[in-house]
Amino acid sequence: MLPVIALVGRPNVGKSTLFNRLTRSRDALVADQPGLTRDRQYGVGRMGGSPYLVVDTGGISGAGEGVGLLMERQVLAAIEEADHLLFLVDAQSGATGGDEQIAGQLRRTGKPVTLVVNKSENLDPDLARAEFHALGLGQPAAIAAVHGRGVVDLIDAVLQTLPRVETDVETQHPGTRIAVVGRPNVGKSTLVNRMLGEERVVAFDQPGTTRDSVFIPFERAGNNYTLIDTAGVRRRSRVHEAIEKFSVIKTLQAIEQSNVVLLVLDAQQGVGEQDASLAGHILESGRALVVAVNKWDGLDGYTRERLKEELGRKLPFLDFASQRYISALHGSGVGNLFAEIDRAYANANRKLPTPELTRVLEGAVQEHQPPKVHGRRIKLRYAHQGGRNPPIVVIHGNQTEAVPDSYRRYLVNRFRRVFDLQGTPIRLEFKSGDNPFAGRKNVLTERQLRKRQRLKQFVNRKR
Ligand SMILES: Nc1nc2c(ncn2[C@@H]2O[C@H](COP(=O)(O)OP(=O)(O)OP(=O)(O)O)[C@@H](O)[C@H]2O)c(=O)[nH]1
Ligand SMILES: [Mg+2]
């Protein structure tokens, strides 16, 4: 389980700025995907290799004169699901009545709260903190979210206070972990029951809660799997009862803990905002993916064709994943999902030999040259694999920072087709050899640099 940190505070104190700073590293990887809708309220951040979830609750404002503070249901729900609250206040506007009211409400939740004085860049930190002591929430932390000042220390301190759950998902849940995700009522529970129906469920005793998914280990054709059920398995007879309690946090947790995501869509409802938002989160996670278009039964040929077209148009960035048309209710197509799941996960872990990668790159460049920048053509020389699950292809050349997104997509598609990498995203990293300022650093890929940073942080922490 990833720790959940919620950002709360009055409007305009800098919650979204902090949120972006904490989650941005991943954004870059999926930038400029046409049709992509991302939820800018939930995200995954990383601190020295440990991931955590961040929720931006949006502004808590006073509701009119004398009515006092209105904490919206949605904010309360986010607070309920959080392990730690960061209460942001604005150093430049000073403590306000609204801050006091929020402080009171947060104290009543009983959740651990850290008071964060934002916009403190031009102030002495002690001075910035001083006037907020009166809020009675202990020693405030002074940060400047815009510049990133104090942010790492803040998150580090928060994560230190949270119980470090060193549960090793790998050993605890052997086999391929499949997260079944989708918006409410697409048929996740029916599908989970159907997938488990004919298989041997090895051991299963966990009740699902609002926040925690259920892990169900089972065997199929001699292979081990663990289903991560976000909807909660109910008795077969009760599957259709009641609208499930949908939680984005729970879904994000399940995605993080999975090897393969099974995204369930509802053919009878079509593709909506919430589907696109979930798809964006899955893309950000880098997980292998299979799309199950459920409720395919009872649709006429025309509707089916229209739906396939709609899927391609509204979720074009999921074109790397197999789409299976199924009926969880009748069981049609469900058995075939396993072959796709196995393939997607195997592809995510594939080894791509350097000579072949380079040959494919050369072929792609020959067929369609990258553009010129300032009169000089971008040169892409050779490629090697920089990581697996998902596969990372590191491409060496000149002026690589100027490679346009459309050309990146062209290359990704080429690698996918030649290596038959259905079901897994492919990430590109570029390294330029002609940057006079890069110096020795250039010897390392971004990934290696991150690893080195993590190691440093780890060592520092141990000291
Ligand atoms: N000077 C300064 N400005 C900041 C800092 N952090 C955020 N801001 C600015 O404050 C304004 C509001 O920031 P947001 O992040 O949108 O605030 P918010 O809390 O998400 O606002 P709501 O969503 O409306 O509640 C923006 O103009 C930011 O650029 C900071 O550290 N220093
Ligand atoms: Mg905001």
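## A helix pair

The axes of helix α8 (residues 248-257) and helix α9 (residues 273-285) come within 10 Å of each other and cross at roughly 30°, where axes are lines fitted to C-alpha atoms, for helices over the stretch in contact, and angles run from 0 to 180 degrees between N-to-C directions. Because of that angle, α8 is roughly parallel to α9; angles under 35 degrees count as roughly parallel, over 145 as roughly antiparallel, 65 to 115 as roughly perpendicular and the rest as oblique. The crossing of α8 past α9 is right-handed, a term used if the near helix is turned clockwise from the far one by less than a right angle, with anticlockwise giving left-handed.

On the α8 side, Thr251, Leu252, Ile255 and Glu256 meet Leu278, His281, Ile282 and Ser285 of α9, with contact meaning heavy atoms within 4.5 Å.

## Basis of the model

This is a predicted model, in which local features need pLDDT of at least 70 and side-chain atom pairs count only at pLDDT 80 or more, while totals for chains, interfaces and linings use all residues. Residues are numbered from 1 along each chain as its sequence is written, chains are lettered from A and ligands numbered from 1 in the order in which they are written, and side-chain values use heavy atoms, with hydrogens and water left out.

Helices (H or I, at least four residues) and strands (E, at least two) are DSSP runs, numbered from the N terminus.

## The sheet and its strand β5

An open sheet with mixed pairing is formed by 6 strands in the order β2-β3-β1-β4-β5-β6, two strands being paired if DSSP finds at least two bridges between them. Its edge strands are β2 (42-47) and β6, each of which pairs on one side only.

Strand β5 (residues 113-118) is mostly covered, with 6 of its 6 residues buried, that is, under 20% relative accessible area, as against over 50% for exposed and partly exposed in between (1.4 Å probe, protein chains only). On one face these are Val113, Leu115 and Val117, and on the other Thr114, Val116 and Asn118.

## Neighbours of β5

Strand β4 (residues 84-90) pairs with β5 in the parallel sense over 6 bridges; leucine 86 stands opposite threonine 114, and leucine 88 has valine 116 as its bridge partner. Together with helix α3 (residues 97-109), β4 and β5 make a right-handed β-α-β unit, right-handed meaning that, with the strands pointing away from the viewer, the path from the first strand over the helix to the second runs clockwise. Helix α3 lies across β1 (4-9), β4 and β5, and runs at about 170° to β4.

With strand β6 (residues 141-142), β5 pairs in the parallel sense over 2 bridges, and here valine 117 stands opposite alanine 142. The chain crosses from β5 to β6 through helix α4 (residues 125-130), in a β-α-β crossover that is right-handed.

Leucine 159, in helix α5 (residues 151-161), counts as buried because its relative accessibility is 10%. Leaving aside neighbours within four places in sequence, leucine 159 is in contact with Pro3, Ile5, Met47 and Tyr52; proline 3 is 156 residues away in sequence, yet the C-alpha to C-alpha distance is 7.9 Å.

Threonine 23, found in helix α1 (residues 15-27), is buried, with a relative accessible area of 3%. With the neighbours within four places again left aside, threonine 23 is in contact with Arg40, Gly43, Val44, Gly45 and Val54.
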